[in-house]
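Welcome to the tour. Please open the structure in your viewer, keep the selection tool at hand, and follow the stops below.

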Amino acid sequence: IKIKKIMKKLVTIEDYQCRKSELEALLAISPYLEELFQIIRMAPNQEECAKHVALRFNLSQEQAEYILSRRLTYLTSLIHVKLQKEYDKVIQHLTNNAE
């Protein structure tokens, strides 16, 4: 994940809030990728899969759909430390611009 490249694309507060939501979802599932893959394999369809992922990992429906729209190679390359670092930068930006 290229943090600098992603951060350059974030322009508005809405962009940062959206990325914050995506990162929260990725951070929630990153330690449990094997379980996520099992849920995906067992689900009868995309809708049921998204519901199950949202419930299991305490995500919104939008966050679950974001996770399920990612490529397998992207999910397997997740590094929790990098995600946390980017999340901290997004939170810092939102906090600094909250005034």
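Predicted model: local features only at pLDDT ≥ 70, side-chain atom pairs only at ≥ 80, totals over all residues.

Select Asn97 to begin: this residue sits in the segment after α7. (Helices here are DSSP runs of H or I with at least four residues, strands are runs of E with at least two, and both are numbered from the N terminus.) Asn97 is partly exposed, with a relative accessible area of 39%. On this scale, buried means under 20% relative accessible area, exposed means over 50%, and partly exposed lies in between, using a 1.4 Å probe and protein chains only.

Residues are numbered from 1 along each chain as its sequence is written, and side-chain values use heavy atoms, with hydrogens and water left out.

Next, step into helix α7, residues 80–96, and pick Lys89. Lys89 is partly exposed, at 35% relative accessible area.

Move on to helix α2 and select Ala28. With 24% relative accessibility, Ala28 counts as partly exposed. Leaving out residues up to four places away in sequence, Ala28 touches Phe57 and Leu59, where contact means heavy atoms within 4.5 Å. Gln46 is 18 residues from Ala28 along the chain, and their C-alpha atoms are 20 Å apart.

Now select Ile29. Beyond its neighbours within four places in sequence, Ile29 contacts Leu36, Phe57, Leu59, Ile67, Leu75 and Leu78.

Which residues touch the most other members of the largest nonpolar core? They are Ile29, Leu36, Val53, Ile67 and Leu75, in a core of 27 residues. (A nonpolar core is a set of buried Ala, Val, Leu, Ile, Met, Phe, Trp, Tyr and Cys residues joined through side-chain atoms within 4.5 Å.) At least two residues of this core come from each of α2, α3, α4, α5 and α7, and α2 gives the largest share, 6 residues. In soluble globular proteins, nonpolar side chains tend to be buried together.

Color helix α5, residues 61–69: Gln63, Ala64, Tyr66, Ile67 and Leu68 are buried there. Their cover includes α2 (13–29), α3 (33–42), α4 (46–56) and α6 (72–76).

Show α4 beside α5. The pair packs at an angle of about 115°, with axes 8 Å apart; axes are lines fitted to C-alpha atoms, for helices over the stretch in contact, and angles run from 0 to 180 degrees between N-to-C directions. On the α4 side, the contact is made by Gln46, Cys49, Ala50, Lys51, Val53 and Ala54, and on the α5 side by Gln61, Ala64, Glu65 and Leu68.

In the loop between α4 and α5, find Asn58. Asn58 is not a glycine, yet it has a positive phi of about 55°. Is Asn58 buried or exposed? Asn58 is exposed, with a relative accessible area of 70%.

Cys18 is partly exposed at 41% relative accessible area, whereas Cys49 is buried at 4%. How many disulfides does a search of the whole structure find? The search finds 0, a disulfide being a pair of cysteine sulfur atoms within 2.5 Å.
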